[in-house]
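These are my notebook entries on a two-chain model, written down in the order in which I looked things up. I kept each entry to what I could read from the model.

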Amino acid sequence: MGTNVEFLFGLLLFAAAGVAMILGGLLLGKLIRPKAPQSEKGAAYECGEPAVGSGWVQYDLRFYVVALVFVIFDVEIMLLWPWAVVFKQGGAAALWDLLFFFGVIVVGFLFLWRFGYLDWVRSVSGQVPRNEDDQN
Amino acid sequence: MWCASIGYWLPSGNDLMRVGPDLALIAAIVLILLTTMVTGRRALATAVIVMLGLTAGFLLNWNAGVWVSHHGPDTILEPVPASMIIVDGFTVYFRFLLLIFLAGVTSFWLLGANRQEKDSPEFFTLLLGSAVGMSLMVSTLNLLMIVVAMELASLPSYALAAFDRNSRKGAEAAVKYVIFGSITAATMVYGVSLLYGLFGTLNLAEIAQQMPFVLAEHGRTPLFYLAILAFAVGVGFKISAVPFHFWCPDVFEGARVEVTMWLSVASKAAGLCLLLRVMQTLAAGPTGAVGEYVGPIAGAIGLFAALTCFVGNLSAYRQTSVKRLLAYSSIAHAGYMLMLGAILLRPELSEGAWTAIIAYLLIYMFMNLGAFGVTALVEHYSGSDHIEQFNGLGRRAPWLAVAMAVCLFSLVGLPPLGGFLAKWWLLWALADGGGWLWALVIWACLNTAFSLFYYARIIKHMFLTEDTREKMRVPMSGVAIVQLCAVVLILTGTILAAPIRTAATRYAQGLLQSRTAETLTLTDHAPDETHESMLHH
């Protein structure tokens with residue numbers, strides 16, 4: 001059991017050091033930094049421009065859709081990378097593998113396209129039916 | 001290292017047939033999206049494609065089952081990362097369960113007000129996507145694949161919980177679900193990374209073989225337990241085992257009832273089967289190591305199982321929302337099933353344990369399908385799932401009330417219903433172990449007695465509470481499905497008991513044979529230099 005105690009002690013030391021590094025840094029900063037409170041310091045930083053309005057506004061849902069589509073294709077590129085590295089070994093079979101994989105994703109992409117999720121200018125919600133086929 | 005043959009890049013048609021059911025579900029998803037693009041959003045067309053996909057999956061699974069029973073289990077992608085996908089009798093069984101249940105959920109979806117639903121393609125894409133994930137969860141022993149499969153099962157579930165965009169409760173449920181799910185998933189990935197760091201392999205079968213050699217080094221045993229604990233957090237979330245059950249009632253109440261039905265059985269069954277498979281694999285390691293390293297894990301699982309069914313039963317007692325009540329009931333049932341995890345490391349007991357779990361899951365599926373089905377119909381035709389809405393159901397919709405009563409009595413575990421036999425076999429398997437397992441048996445019996453009160457409360461509302469509202473007009477097809485569940489429960493409790501037991505035993509034996517076969521091939525290269533962990537240096 002002595003070895004386990006030793007191990008746990010090491011773990012404890014590691015955790016304590018981790019906490020100490022953060023707290024120590026904050027404490028040190030608090031002690032040595034000059035204090036000059038100004039109202040600009042509390043304002044939101046917007047690329048150096050003066051901020052207009054509050055940051056707590058409701059963002060347009062379209063940003064989320066775009067972000068989601070971006071993430072899907074981002075992850076897909078990530079999965080293409082290891083494939084590309086060993087592509088030569090796989091040969092034609094590897095190409096078919098990837099075309100299949102890519103084909104499934106393209107179906108999802110076409111679905112988004114077909115139903116207008118990629119259009120930046122869309123009908124105002126609540127006034128017009130969401131899709132053109134809603135009318136039939 | 002890399003076996004760069006064509007076989008790896010292009011699996012043979014034979015191999016693909018083994019994963020055919022999963023591919024059929026994926027094909028159904030693609031087909032739904034393509035059809036929707038051509039014809040527009042049509043709910044009925046979507047449902048037809050789903051049913052076609054399920055039928056194809058069923059036939060392919062049948063084919064896979066026949067193949068497995070002739071040739072033994074199949075490990076696909078064998079040469080490179082062994083055990084990436086395992087197709088054995090248990091996989092085949094679980095897929096059957098999943099496909100039948102999907103068909104039931106789809107039928108209830110059609111019966112509700114969903115025929116005019118515009119978002120049906122999205123709904124079924126998510127539903128089938130999570131089904132593929134659950135199917136993969138149960139058919140792998142590779143840690144990476146487990147993580148990916150669990151995410152594939154979880155992510156669509158989060159979206160399904162919030163599928164009614166105008167429902168505040170649904171939104172609340174989904175936020176709780178996603179936060180809880182991502183934290184537990186992160187913990188699980190951490191545990192997996194620790195296991196990989198310790199053993200230098202992602203294959204659980206190899207990990208089991210190397211346990212005594214790797215863990216002999218000082219200080220590694222606590223790390224191993226830490227890794228297993230972190231891993232169990234992710235699985236516990238799926239099962240809704242007790243410290244990780246908080247999402248369950250909120251999600252079950254907030255989500256629409258088809259989704260609740262789906263999550264209450266499929267998600268839990270997948271998590272449970274994954275856990276049992278992992279336990280079984282770890283228990284197949286060298287004998288001495290199993291007692292020393294896996295024994296404490298089994299004890300911990302038993303403890304958590306006892307806690308889970310206690311908390312589930314206790315919290316169900318005061319619920320007035322029937323969906324919420326059934327959510328707590330499903331937590332309690334997860335606890336009963338989890339108890340079997342405690343006996344899997346004893347080879348002489350594991351056959352009984354697997355037989356019990358296979359039979360229990362089958363019967364549990366019908367109990368929940370029936371109980372949630374009646375709740376779905378009542379909620380749809382009276383606007384709420386509050387227990388008051390069940391008042392006088394015995395007069396207003398006698399066929400529904402009778403089916404509900406059968407399902408509830410079966411959930412309690414009263415003879416002569418399927419639920420009784422399922423619980424009996426489970427407790428019998430536990431009692432076979434003797435010793436401290438008797439405590440679990442007694443605990444489960446006490447809990448069962450206690451659970452009678454809250455199940456009976458619904459029955460009291462249905463038959464003994466007066467209600468002057470007019471009769472409930474429910475479609476015949478809906479009544480037929482819940483009645484079918486009730487009939488299945490009565491049959492499984494009586495004349496079908498012996499055939500189910502025989503079939504379950506056969507599946508269990510197939511599973512055990514496959515494990516021993518794998519153990520034999522792996523012992524040849526157990527203490528390998530290349531597998532020395534990075535912690536060593």
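I began with chain B, where buried residues make up 58% of the 537 residues; a residue is buried if 20 or more other C-beta atoms, placed from the backbone, lie within 10 Å of its own, exposed if 12 or fewer, and partly exposed in between. I noted that this is a predicted model, in which local features need pLDDT of at least 70 and side-chain atom pairs count only at pLDDT 80 or more, while totals for chains, interfaces and linings use all residues. Residues are numbered from 1 along each chain as its sequence is written, and chains are lettered from A and ligands numbered from 1 in the order in which they are written.

Of the contacts in chain B with a separation of 6 or more, 81% join residues 24 or more positions apart; a contact is a pair of residues whose C-beta atoms, placed from the backbone, lie within 7 Å.

For chain A I found four helices and zero strands, in the order α-α-α-α along the sequence, and buried residues make up 1% of its 136 residues.

**Confidence.** I then looked up pLDDT, the predictor's confidence in each residue, from 0 to 100. Chain B has a mean of 83, with 90% of its residues at 70 or more. Over residues 1-6 of chain B the pLDDT is below 50, and this stretch has seven contacts beyond near neighbours in sequence; it is also below 50 over residues 516-537 of chain B, where the model has 25 such contacts. For chain A the mean is 79, and 87% of residues reach 70 or more; confidence there is lowest in α3(A), at a mean of 78, and highest in α1(A), at 88. Residues 125-136 of chain A stay under 50, and the model has eight contacts for them beyond four places in sequence. I reminded myself that where pLDDT is low, the predicted coordinates should not be read in detail. For the complex, the predictor gives an ipTM of 0.73 and a pTM of 0.83.

**Where the chains meet.** I found 20 residues of chain A in contact with 16 residues of chain B. On the chain A side, α1 (2-32), α3 (87-90) and α4 (92-114) each supply at least two residues, and the largest share, 10 residues, comes from α4(A).

**The core of chain B.** Which residues touch the most other members of the largest nonpolar core? Of its 197 residues they are B:L340 and B:C407, a nonpolar core being a set of buried Ala, Val, Leu, Ile, Met, Phe, Trp, Tyr and Cys residues joined through C-beta atoms within 7 Å. Helix α15 (residues 347-382) of chain B gives this core its largest share, 21 residues. Leaving out residues up to four places away in sequence, B:L340 touches B:L276, B:A353, B:A356, B:I357, B:L426 and B:A429.

B:C407 is among the buried residues of α17(B), a helix that is largely enclosed by the rest of the structure, because 12 of its 15 residues are buried. Those buried residues pack against α14 (322-338), α15, α16 (393-396), α18, α19 (437-463) and α20 (476-493) of chain B.

**Local geometry.** After α17(B) comes B:G413, with a positive phi near 100 degrees. The loop between α17 (398-412) and α18 of chain B holds B:P416, and the peptide bond from B:P415 to B:P416 is cis, with omega near 5 degrees. Buried residues of α18(B) include B:L426 and B:A429, and this helix is followed by B:G434, whose phi is positive, near 65 degrees.

I also checked B:S240, which has a positive phi of about 60 degrees although it is not a glycine. B:S240 lies in the loop between α10 (220-239) and α11 (247-254) of chain B, and it counts as buried because it has 28 C-beta neighbours inside 10 Å.

Technical notes. Two residues are in contact if their C-beta atoms, placed from the backbone, lie within 7 Å.
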